[in-house]
Each structure stands twice: as structure tokens, then as C-alpha cells.
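Work through the exercises below with the sequence and the structure side by side. Try each task before reading its solution.

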Amino acid sequence: MPRTMWKGAISFGLVTIPVGLYPATEEKTLRFNQLHDEDFGRIKYQRYCSKCGEEVSFEHIVKGYEYDKGQYVVMTDEDFDAVPVESSRAIDIVQFVDLEEIDPIYFQKSYYLVPEDTGIKAYSLLRRAMEEDGRVAIAKIAFRDKEHLAALRFKDDVFVLETMFWPDEIRATDFEVLDKKVTIRAQEVQMAKSLIDNLTQEFKPDEFHDEYREALLGIVEKKVAGEEVEVLQEPEPTKVVDLMEALKASVEKTKKAASASSGSKRKTATRAKKAAAG
């Protein structure tokens, strides 16, 4: 279990639920160090003052806000603690909405909200009420020197807090290419829908995995073992074909794939039944 990164309370009307905030995700990727190509020594970065040129240790580094060119005001931890907003001490629920009303572009990062012992009943009550009504809470919370808009929902038995971008942080969809007029035929729309239908399945996250990370790790292991790494040739770029013909070919291809998958599942189910009967 990771360490709690924030402690406060969910504020729900006059109800207060003490909670701890924990990271809900972790990024898995291969990490590489920068090395000197001649002797493989680690490249290290040092912090230097741009004025005096001296190296500066962490204890002498402060946070400054540039309010004018070259002019800074220094902010201390006490200054951040003094910010007069409720969200610095509590997750302030301001309204409830249906999840479908929130555009996914707003979602930023996920955290688990775990109750303290004294808040478990109120926590469970709020979770059950939201579950029965199918609601998501919209709240505000301040941590890491910033106030966040957040959505509060549940996953299994635990609340998940999704920090969100503020509306003015979402860039406008201003792209000239989208103003170009195109003609779409009804047959093309129908064929595209058929392709979508053939590729529509129940979402099962466990069926997906990071193929790039696995392949990259394989190359690393080969190099550690002293094996030669084969450089794959890039495939020839796909030739531009008639859109309708491309859709037809795609529909046929996905039909065959779906048929093969269904046949494989039926065989697996038949074998399982025979094994159970035997």
C-alpha cells in the first residue's frame, strides 16, 4: 500500500468524512539513465544559481512567483497553508451529476480515497446512496500548490477521486482543416457502421498489455546476454485506395476474424464441458 499523500475530509452538506488520499495508478515503463558514451559514467545534473554561479543545495531553494520581469515574491509553506479556501482542508462536494455528462477530456489523474476508522459509516452511506442513484460527485480539493476540480465516484468498495482540468485549461478545437467541406455517401456511412459493429466487443482491460514495453525489455535482455539485435525493416506505406473499397475489405476481414474467434470459443467451451462430464 502506498503512503497517504494528503489527509482531510469529504465535506457533504453538514456531514464530514475523514479520509486519506492515495495514488490509484502507477506508470510502468523501462527507465534509462543518461551515460557518457566513452566510459558509461552517469550524467548528473547540478543546480546552479544564474546570478552568482554557485551550486545550490535543496535546503537553500525556495519557491518564487515572477510578478514582473526579473521581480519575484518568495512563497513559504506557511503562505500556501494560509490560502483562504475550504478545499485546502476538505474535499468540498458542490453538486452531483450523471457520469455521462462529463467529457472524458476533463479527467486528469486518479486517486483512492480511504476512510479513517471514525468515518467508515458515513463513507459507506454516501457510497451506497450514490450507487443507488447512479450519481457522481463534483468537488474541489487543493493539494500540491493547486486547487483541483474533481469527480468523486466509486470502484468496487472504494471511492475514486479523479482530478480534472479546469474549463479554461482545455484548448479550443480550432483547426482549419476541419472547415473543409466533404461529401459523404449513405453507402459509406452504412459500411462504416458495419465495420464498427464487427469490431464492437465487451471491454475487458485484462486482455490488453503493453506490447512495446515487453518487446523493448526483450531487446534489453538480448543485449545483456550479448546476443545480436535484429533491426526490423519498416513496412511499406499503405497505398491510398478508394475509401469504399477499403471499407468493404475491412468489413470482410473483421467478419472472418470474428468468425474464427467464435469458432475457437465454441471449441474451448465444448472441451470444458467434456472435461467436466468426464
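This is a predicted model: local features need pLDDT of at least 70, side-chain atom pairs count only at pLDDT 80 or more; totals for chains, interfaces and linings use all residues.

Residues are numbered from 1 along each chain as its sequence is written, and side-chain values use heavy atoms, without hydrogens and water.

**Exercise 1.** Check the span of helix H2 (residues 120-133).

*Solution.* Helices are DSSP runs of H or I with at least four residues, numbered from the N terminus. The expected span is 1.5 Å times one less than the number of residues. For the 14 residues of H2 this gives 20 Å, and the end C-alpha atoms are 20 Å apart, so the two agree.

**Exercise 2.** Which residues of H2 are buried, and which exposed residues lie on the face turned away from them?

*Solution.* Buried means under 20% relative accessible area and exposed over 50%, with partly exposed in between (1.4 Å probe, protein chains only). Tyr 123, Leu 126, Arg 127 and Met 130 are buried. They lie on the same side of H2 because their arc around the axis is only 100°, taken from the directions from the helix axis to the C-beta atoms. The opposite face carries exposed Lys 121, Leu 125, Arg 128, Glu 132 and Asp 133.

**Exercise 3.** Describe the largest nonpolar core.

*Solution.* Such a core is a set of buried Ala, Val, Leu, Ile, Met, Phe, Trp, Tyr and Cys residues joined through side-chain atoms within 4.5 Å. The largest has 20 residues, and Ile 10, Ile 91, Leu 113 and Leu 161 have the most contacts inside it. Strand E7 (136-143) is among the elements that give two or more residues, and E7 gives the most, with 4.
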